[in-house]
Amino acid sequence: MQLKDKVAYVTGAASGIGKAIALMYAAEGAKVAVADLNLAAAQATAEEIKAAGGQAIGVAVDVTSEEQVNASVEATVAAFGGVDILVSNAGIQIVHPVEEFEFADWKKMLAIHLDGAFLTTKACIRHMYAQGRGGSIIYMGSVHSKLASLLKAPYVTAKHGLLGLARTVSKEGAAKGVRANVICPGFVRTPLVDKQIPEQAQTLGISEEDVIKKIMLKDTVDGEFTTLDDVARVALLFAAFPTNALTGQSLIVSHGWSME
Ligand code: NAD
């Protein structure tokens, strides 16, 4: 029970990586706000946690809306009495060559990944400061926080940007014991990735099998996907770590795809 009596607010927690983190945090004793654009799926995840003996609520949020972020964080604080852990995880992927990228899609990507990280940080850190018991802020970066791939200009830009936000928040939050770190996963089989495989195959004119072998897993040490459990374990490490010794960091969990 590494997170006993902690309160965690996790965005994008109705699916994929966010859901795996929400389930692991709840199993470790945290009270979890499952925050997602998809309220029905968020509530279903919260029910799953409760059925397993944990504590959770589902809350609706579009992380690009300041009003909705603030309202969902306030709902979390009202339900559980505070917030100790933020996992800013909600994200999407849109792939095109840069010369074909619609400006509206570029802005949508930066809004979800960067505005969402800023708005959730601002809403949660105020409570963490006021509570006086520190806190842990975790951003879902990517191997693409460290390197680039074809067709992903806004994603790579946004994921690099999270490193800057985490480093700044780690400096500002230090005096109050609020830590900020970035998790950088390699490819994990979630709906976000499953959608990209046929899209990339079409854009690059290669088979789906080649997208997986020759692009996605090409530079790993063993040709393996990273798993939901792998990423959730790193999220638990950052959430449970007790001191400022581990802050302003980014940890790559990618089967050695990147060793930066
Ligand atoms: P997913 O599609 O399985 O889940 C994403 C969740 O975010 C969904 O439940 C969706 O409803 C929610 N969401 C989308 N837009 C939102 C918004 N505006 N406001 C609130 N919620 C919103 O995706 P995933 O693969 O679990 O990705 C989660 C995060 O992990 C993303 O930030 C992604 O960039 C990052 N990531 C994923 C991989 C991977 O291989 N899957 C690798 C590295 C990083």
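## A covered strand to start with

Strand E5 is mostly covered, with six of its six residues buried (buried means under 20% relative accessible area, exposed over 50%, partly exposed in between, with a 1.4 Å probe and protein chains only). Gly 135, Ile 137 and Tyr 139 point one way from E5, while Ser 136, Ile 138 and Met 140 point the other way, and all are buried. In a regular strand the side chains alternate between the two faces of the sheet. As for naming, helices (H or I, at least four residues) and strands (E, at least two) are DSSP runs, numbered from the N terminus.

A quick note on what you're looking at: this is a predicted model, where local features need pLDDT of at least 70 and side-chain atom pairs count only at pLDDT 80 or more, while totals for chains, interfaces and linings use all residues. Residues are numbered from 1 along each chain as its sequence is written, and side-chain values use heavy atoms, with hydrogens and water left out.

## The sheet around E5

Zoom out and you'll find E5 in an open sheet of seven strands, in the order E3-E2-E1-E4-E5-E6-E7, with parallel pairing (two strands pair if DSSP finds at least two bridges between them). Strand E3 (55–60) and strand E7 (250–253) stand at the edges, each with a single partner strand, so one side of each has no neighbour in the sheet. From one strand to the next, the twist averages 20 degrees (axes are lines fitted to C-alpha atoms, for helices over the stretch in contact, and angles run from 0 to 180 degrees between N-to-C directions).

On one side, E5 pairs with E4 in the parallel sense over four bridges, and Val 87 stands opposite Ile 138 in E5. E5 and E6 also pair in the parallel sense, over six bridges; here the bridge partner of Met 140 is Ile 183 in E6. Elsewhere in the sheet, strand E1 (residues 7–11) and strand E2 (residues 31–36) pair in the parallel sense over five bridges, with Ala 35 in E2 as the bridge partner of Thr 11.

## E6, covered on both faces

What about E6? Eight of its eight residues are buried, so the strand is largely enclosed by the rest of the structure. Val 178, Ala 180, Val 182 and Cys 184 are buried on one side, and Arg 179, Asn 181, Ile 183 and Pro 185 are buried on the other.

## Helices across the sheet

Helix H3 (residues 66–80) lies across E1, E2 and E3, running at about 160 degrees to E3. Helix H4 (residues 103–131) lies across E1, strand E4 (85–88), strand E5 (135–140) and strand E6 (178–185), and runs at about 180 degrees to E4.

Thr 120 is found in helix H4 and counts as buried, at 0% relative accessibility. A polar atom of its side chain lies 2.7 Å from the backbone oxygen of Gly 116 (a polar contact is a pair of N or O atoms within 3.5 Å; within protein, one must be able to donate a hydrogen and the other to accept it, and residues adjacent in sequence count only if both atoms are side-chain atoms). Leaving out residues up to four places away in sequence, Thr 120 touches Tyr 9, Thr 11, Val 63, Val 69, Leu 86 and Ser 88 (contact means heavy atoms within 4.5 Å).

## Around the ligand

There are 28 residues around the ligand, and Ser 15, Asp 36, Tyr 155, Val 188 and Thr 190 come nearest (near means that a heavy atom of the residue lies within 4 Å of the molecule or strand). At Val 63, a backbone N or O atom lies 3.0 Å from a nitrogen atom of the ligand. The protein covers 92% of the 830 Å² of accessible area that the ligand has on its own (accessible areas come from the Shrake-Rupley method with a 1.4 Å probe; for residues, only the protein chains shown count as cover).

At 33% relative accessibility, Leu 228 counts as partly exposed.

Trp 257 sits in the segment after E7 and is buried, with a relative accessible area of 11%. Beyond its neighbours within four places in sequence, Trp 257 is in contact with residues including Val 143, His 144, Phe 187 and Met 216.
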